[in-house]
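Hello,

Please find the structure below. My notes on it come after.

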Amino acid sequence: MISLAEAEALDDADPLRAQRARFRLPEGVIYLDGNSLGALPEAAVGIARDAVERQWGEDLIRSWNSNDWIGAPQRVGAKIATLIGAKPNEVVVADSTSVNLFKLVVAAARLAPDRPRIVTETGNFPTDLQIASGAAALLPGGSFEAVPTDEIEDAFDGRTGVIVLTHVHYKTARRHDMARLTALARERGIRLIWDLSHSAGAIELDLARDGVELAIGCGYKYLNGGPGAPAFLHVAEHLHGTLLSPLTGWMGHAAPFDFADAYEPAPGIRRFLCGTPPVLGLLTLEAGVDEFMAADRAEIWAKSVRLFDLFAMLAADRLPDMECVTPADSRARGSHISFAHADAWPICQALIAKGVIGDFRAPDILRFGLTPLYLGYADVWRAVDILAGLIASGEWRDPRYAERRAVT
Ligand SMILES: *Cc1c(COP(=O)(O)O)cnc(C)c1O
C-alpha cells in the first residue's frame with residue numbers, strides 16, 4: 001500500500017503543484033468540498049477589493065463602460081466556453097443554475113408544442129426536478145415526468161419534447177454518456193438540456209464534439225466563483241435565432257439603452273440575460289475561471305482521475321465498512337468520491353471537527369470532492385488516514401456529532 005512519503009513524492013512531481021499556492025487554504029484543513037463551494041483563489045481577494053473600492057467607490061456608474069461591467073456576462077461566458085468545449089459566443093453568465101434551467105426548459109418546450117412532455121430522472125438534484133415540473137405546469141398542455149435513470153432511454157419518445165439530465169450525479173458522481181444520449185435525443189427530435197454543475201471544471205468536456213445544444217451549470221462549485229456566484233448557460237449557435245428566453249428582461253433586449261417599450265431579443269446568446277448582472281459575483285467568478293485558463297487543462301483532468309484512484313485504493317484497504325457508490329471506471333464518473341454508510345452524518349461531522357471537510361448528502365452519503373487545482377496526493381492520504389482512525393476509535397459516536405444543522 002502507498003505510504004505518506006510516496007504520496008508526498010507524487011505531489012513533488014505534480015506539474016500542477018504551483019497552482020495550490022494560488023488558493024487560500026486554511027492551515028490544518030484538508031478541503032474536500034470544492035465540489036460544493038470552491039476554495040478562494042488568492043487573486044479573487046484583490047479583484048474583489050478593486051471592484052468595490054476603485055470600480056464602485058471611485059469610478060461609480062462610469063464603470064459599466066470604463067471597467068466593462070456591461071461586457072462581463074459574455075466575457076466570462078467565453079472563458080467558460082473554452083473550458084467546456086463550446087464556442088466563445090455560445091455561453092453567457094447569468095442568474096442561478098435554477099433560473100437558467102427554467103429559461104432553457106421553457107424556451108425549448110415552446111419549440112415543440114406537439115410534444116408537451118418534459119422528462120428528467122428520479123433522484124436528480126432537487127432543483128432540476130422542481131424547476132422542470134414547475135415549468136411544465138406553466139406550459140399549455142404541459143406534463144412532467146421523472147423516470148428512473150436506468151429507464152431514461154425509454155422516455156426518448158415522440159411524446160417528449162425536453163429532457164433534463166445532470167451529467168455527473170451530485171451524490172454518486174455517476175456520469176452519463178453525453179455523446180450517445182445527445183445523439184439519441186437529436187435523432188428523436190428531443191431537446192436535451194445538460195446540467196454541468198458537477199462537470200464544469202471537474203472533468204474534460206467537449207460540448208461541440210458531443211453535439212450538445214443546451215446546457216447550464218454552476219459558478220460556485222469547481223469554478224471557484226465564490227458563494228452564490230452566478231451560473232452559466234450554453235446554447236449552440238444554430239439555435240440562437242430560434243430559441244427565446246421566457247424571461248424577456250431588458251438586459252436580453254437587442255438595444256437595452258434605447259429604452260423601447262417593446263421587447264426585441266438580442267441576436268445572440270445575450271438574449272438569455274434578464275436583468276442587471278451581479279457584477280461582484282461575476283468578477284470573483286472570473287478570478288476562479290482564470291485559474292483554469294492559466295493551468296494545463298489536460299493535466300487537471302488527468303489529475304482528477306489519479307486523485308480518485310488513490311482515494312479509492314486507500315479506502316478499499318483502510319475503510320472496509322464504507323461502501324464506495326461511485327463507479328470505478330474513470331469515464332463513467334466525475335471528480336468526487338462517495339460512500340454509503342448508515343452513520344454518514346455523525347462521521348462527517350466528526351471528520352470536519354478534525355479538519356477534513358467533506359459533506360453529507362441525505363440519507364446516507366459521505367461525499368468528498370477532489371479538486372485537482374489545489375488538492376494534493378498527500379491530502380488524500382491524510383484524509384483517509386484520519387477517517388480510518390476516526391472509525392477505529394468510534395469517536396464519531398460522541399452525541400455532539402449527532403445534531404443536524406440547517407445546511408449539510
Ligand atoms: C449545485 C447544483 C445546482 C445549484 O442550483 P442553484 O440554482 O445555484 O442553487 C443545480 N443543479 C445541480 C445538479 C447542482 O449540483
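This is a predicted model: local features need pLDDT of at least 70, side-chain atom pairs count only at pLDDT 80 or more; totals for chains, interfaces and linings use all residues.

Residues are numbered from 1 along each chain as its sequence is written, and side-chain values use heavy atoms, with hydrogens and water left out.

Ligand site. The residues around the ligand (a heavy atom within 4 Å) include Ser96, Thr97, Phe125, Asp195 and Lys221. Helix H6 (97-110) and helix H7 (126-138) each supply at least two residues of this shell; helices are DSSP runs of H or I, at least four residues, and strands are runs of E, at least two, numbered from the N terminus. Among the polar contacts (N or O atoms within 3.5 Å), a side-chain atom of Asp128 is 3.0 Å from a ligand nitrogen. Ligand oxygen atoms lie 3.1 Å from a polar side-chain atom of His198 and 2.9 Å from a side-chain N or O atom of Tyr220. The ligand taken alone exposes 390 Å², and the protein buries 87% of that (Shrake-Rupley method, 1.4 Å probe).

Surface. Leu60 sits in the loop between helix H3 (42-56) and helix H4 (63-66). Its relative accessible area is 47%, so Leu60 counts as partly exposed (buried is under 20%, exposed over 50%, partly exposed in between).

Serine. Ser330 is in the loop between strand S11 (323-324) and strand S12 (336-340). Leaving out residues up to four places away in sequence, Ser330 touches Arg175 and Val305 (heavy atoms within 4.5 Å).

Regards

Definitions and conventions: Buried means under 20% relative accessible area, exposed over 50%, partly exposed in between (1.4 Å probe, protein chains only). A polar contact is a pair of N or O atoms within 3.5 Å; within protein, one must be able to donate a hydrogen and the other to accept it, and residues adjacent in sequence count only if both atoms are side-chain atoms.
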